[in-house]
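Here is a model to walk through by question and answer. Keep the sequence and the 3D view open as you read.

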Amino acid sequence: MKFASSELRLFIPHSELRIPHSPMSEKLTILVQLDTDPLPSVFDRVVAVDAGVQHLFSYGGVTPAAVMPLVHGCIFTRGSKDLSRTAVFIGGSDVAAGEAVLAEAKKHMIPQYGMSVSLMLDSNGANTTAAAAVRAAGRHLDLGQARTLVLGGTGPVGQRVARLLARHGGHVRIGSRQRDRAEMVCAAIRAQVPNAQVEAASVGSSADGPRALDGRTLVVAAGAAGAVLLPKKVHETAPDLRVAIDLNAVPPAGIEGVEVVDRGRERGGVICYGAIGVGDTKMKAHKAAIAQLFQTNTATLDIEEIYAIALRLP
Ligand SMILES: NC(=O)c1ccc[n+]([C@@H]2O[C@H](COP(=O)([O-])OP(=O)(O)OC[C@H]3O[C@@H](n4cnc5c(N)ncnc54)[C@H](OP(=O)(O)O)[C@@H]3O)[C@@H](O)[C@H]2O)c1
């Protein structure tokens, strides 16, 4: 799938930030939170409540081996016409573990008999954060033409940012301190996005920065919390740079000179976003995605679907 923003707007049904009130005859909404960490995330629980979920069942330490009875508890309890009132949210700090739980949950749905519930994956906030970052970039650049450097591009957030940008058709350079790791991400994106324009870049030494940034119109820093990935002296001499997005909320900034609260603020001719600056869209996308889960019993909301929801936000 390759997309343009305008197409997404057409095929995604309207969603609200909150689950609409239902007639008395409808079953109460139940969100089943499957968290791969020992303690289910308080953050995800609060967002579920704020999205209007009526009952929240939270399970921690969930592994694929535990998933089948949890899914059966969802799909065998209500008639198929009421299964859109039950949904599953998969979270936790380990994105790969969340992906494994999602894959397992899908296996135990029985859609041919209408026995399925909608699923959403947002481990570590990776999907909602990446979606919010790319939406922010798209407010200022034609993403089909953008030339991007994704720093920290091997992490869960960076990989998702890179994939979304590649789907838009722009050229994406994926930065890593180990070039091999970036090559693996490129290969994974090429497998998912035919004709993706992606290339790996080594950013392990200070001499690499200017090379990696050469010709880039957009830089997204998705490095580990508290790690400086792009010093000011490097990005202020990048003549083509138009937009800089730093997703690290833990000081020091990932892109030196970008403030965590920046939200479309211009600094030296570059439009800047910090982690809190994209956080508002991220939170709205999260709530809207939860609300959308209850519009059907067949949705799977992963990065592309959550991005589509983020694009529809006011
Ligand atoms: N605003 C929000 O709501 C929100 C939500 C979720 C996440 N975040 C932030 O988004 C960022 C990305 O999250 P993530 O979970 O994908 O990050 P991550 O997995 O912790 O790190 C991403 C990449 O950063 C690189 N890295 C690690 N340590 C580094 C260091 N000391 N110096 C330079 N690079 C280093 C690694 O790439 P290589 O080893 O390949 O170089 C790693 O794959 C984080 O800063 C996180 O806090 C923000």
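Q: In which loop is Phe294 found?
A: This is a predicted model; local features need pLDDT of at least 70, side-chain atom pairs count only at pLDDT 80 or more, and totals for chains, interfaces and linings use all residues. Residues are numbered from 1 along each chain as its sequence is written. Helices (H or I, at least four residues) and strands (E, at least two) are DSSP runs, numbered from the N terminus. On that numbering, Phe294 sits in the loop between α10 and β12 (300–301).

Q: Is Phe294 buried or exposed?
A: A residue is buried if 20 or more other C-beta atoms lie within 10 Å of its own, exposed if 12 or fewer, and partly exposed in between, with C-beta atoms placed from the backbone. Phe294 has 26 C-beta neighbours inside 10 Å, so Phe294 counts as buried.

Q: Leaving aside neighbours within four places in sequence, which residues is Phe294 in contact with?
A: Two residues are in contact if their C-beta atoms, placed from the backbone, lie within 7 Å. Leaving aside neighbours within four places in sequence, the partners of Phe294 are Ile19, Thr29, Ser84, Arg85 and Ala87.

Q: How many Å apart in space are Phe294 and Pro252?
A: Pro252 is in the loop between β9 and β10 (263–267). A cis peptide bond joins Pro251 and Pro252, with omega about -5°. Phe294 and Pro252 are 42 residues apart in sequence, and C-alpha to C-alpha they are apart in space by 40 Å.

Q: What is the strand order in the open sheet of five strands?
A: Two strands pair if DSSP finds at least two bridges between them. The edge strands, β2 (55–59) and β12, each pair on one side only. Strands β1 (residues 30–35) and β3 (residues 86–91) pair in the parallel sense over six bridges. The pairing in this sheet is parallel, and the order is β2-β1-β3-β4-β12.

Q: Which residue in β3 stands opposite Leu31?
A: The strands to look at are β1 and β3, which pair in the parallel sense. In β3, the residue opposite Leu31 is Ala87.

Q: Into which domains is the chain divided?
A: Domain bounds come from an automatic or database domain assignment. The centres of the two domains, taken over C-alpha atoms, are separated by 29 Å. The division is domain 1 (5–125 + 282–312) and domain 2 (129–278).

Q: Which element gives the largest share of the side of domain 1 that touches domain 2?
A: Here 11 residues of domain 1 are in contact with 12 residues of domain 2. On the domain 1 side, α10 (275–293) and α11 (303–312) each supply at least two residues. The largest share, five residues, comes from α11.

Q: Which residues have the most contacts inside the largest nonpolar core?
A: A nonpolar core is a set of buried Ala, Val, Leu, Ile, Met, Phe, Trp, Tyr and Cys residues joined through C-beta atoms within 7 Å. Domain 1 and domain 2 each give at least three residues to this core. The core has 96 residues, and those with the most contacts inside it are Ala133, Val161 and Val219.

Q: What is the bridge partner of Val219 in β9?
A: In strand β8 (residues 218–221), Val219 and Ala221 point one way, Leu218 and Val220 the other, and all are buried. Four bridges join β8 to strand β9 (residues 243–246), and the two run parallel. In β9, the partner of Val219 is Ala244.

Q: Is Asn195 buried or exposed?
A: Asn195 lies in the loop between α7 (179–192) and β7 (197–202). Phi of Asn195 is positive, near 65°, in a residue other than glycine. Asn195 has 8 C-beta neighbours inside 10 Å, so Asn195 counts as exposed.
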